[in-house]
Amino acid sequence: MTIAYREWRDGDDLALLEMWGGPETDQARQFRATLAPSGNAPWRRCIVAEDVVDGVAIPVAAGVVHEASLHPERLWVYVEVSRDHRRTGIGSTLLAMLRHEAGQSPSGVSRLRTKVEPGTPGAAFAEAAGLAPIQRSRLVVVEPGALKLPVFGDGSEAAASEQVEDLATGSVELSDVVGRYYTAVHDWDSPGDLSIATVQRLFLDDLSGAHGAIVLRAPKASAFGAGVPASKKGRLQAFAVSYAQGGPEMGGPEEGHATKAGEPSDVFLGHDPELSAEDARAAVRDLLALIAYQYPVLLELDDSMDALRAVVEPLLESGKARQAGAETLIVSDPVYPA
């Protein structure tokens, strides 16, 4: 076996697909879309390994390292080797070459991260390469009627409409809370500075797939006192953004989760990070009860989402919610003390 290495060329995707077959995991499906020619806008380096047999070079493996639009403190990396060429050192060689490329990235960032499914060859390879888990993520389906509907104020329709509102996804108020929440629950891998425009582009405009938002507000009197004008609104406590054709890129190379007729609606559910732990749990619970009252809801649940975990994990234990597919581990180079 003679292995040669070169940069990615047009047509390699089809040649490798013939060797690899279908993706073994959802993470592999997502990352295969990032295999592309090397470039600098955004910065990306992609290398192919060929097995040269009787003078004919056959692509058998590939690896890519690239910058991310979110979470700029690490680079995404991915390596895949055809099944019949594994455990021959090709993957380790590709990773070493990608580390060398990462050391020359224009941003100066060289620490790597990737996504794996526990118990798979990819997870074992990442562990052997020194990448350790920094986050666990699950997709969870909450079944209809899993939570009892909340009662707002005196139980009247007027009291409910004071706190529950359909809000335009272009709202600056919504964008502000979504951005602060995303930053707060990703303190383990900072997303960097999220401007209102950036939050809109990544999570709330038409290209993100967002097509509606419901928010839960605090009672007006709690924020402004009794007798406030009708135009005043209570503080936004929690939000639920639904996506017509899958969710936004939540910190990694994803294609979203397509929603078909009869399937759960894909929803990004969060809260104002300035709420107390108790208030955050209550707000998330009330809003989840509303949006999952009649139809199933699909949520992305990271271990860092404390309030959402506190509400959803008891539902998983009782069978009122279920995990959709395998969990995902985000693994990274360790952070060494200065």
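Start by selecting Val-142, which stands opposite Val-297 in strand 12. This is a predicted model, in which local features need pLDDT of at least 70, side-chain atom pairs count only at pLDDT 80 or more, and totals for chains, interfaces and linings use all residues. Residues are numbered from 1 along each chain as its sequence is written, and side-chain values use heavy atoms, leaving out hydrogens and water.

Now show strand 7 with strand 12 (residues 297-302): they pair in the antiparallel sense over 6 bridges. Pairing requires that DSSP finds at least two bridges between two strands; strands (E, at least two residues) and helices (H or I, at least four) are DSSP runs, numbered from the N terminus.

Next, pick Val-141, whose bridge partner in strand 13 is Arg-322. Strand 13 (residues 321-323) pairs with strand 7 through 3 bridges, again antiparallel.

Move on to Ser-137, which faces Thr-328 of strand 14. Strand 7 (residues 132-142) and strand 14 (residues 328-332) run antiparallel, joined by 5 bridges.

**Two packed helices**

Select residues 277-291 (helix 9) and 306-318 (helix 10): they pack at about 55 degrees, with axes 7 Å apart. Axes here are lines fitted to C-alpha atoms over the stretch in contact, and angles run from 0 to 180 degrees between N-to-C directions.

Which residues of helix 9 make the contact? Display Ala-280, Arg-281, Val-284, Arg-285 and Leu-288, counting contact as heavy atoms within 4.5 Å. On helix 10, look for partners including Ala-307, Val-311 and Leu-315.
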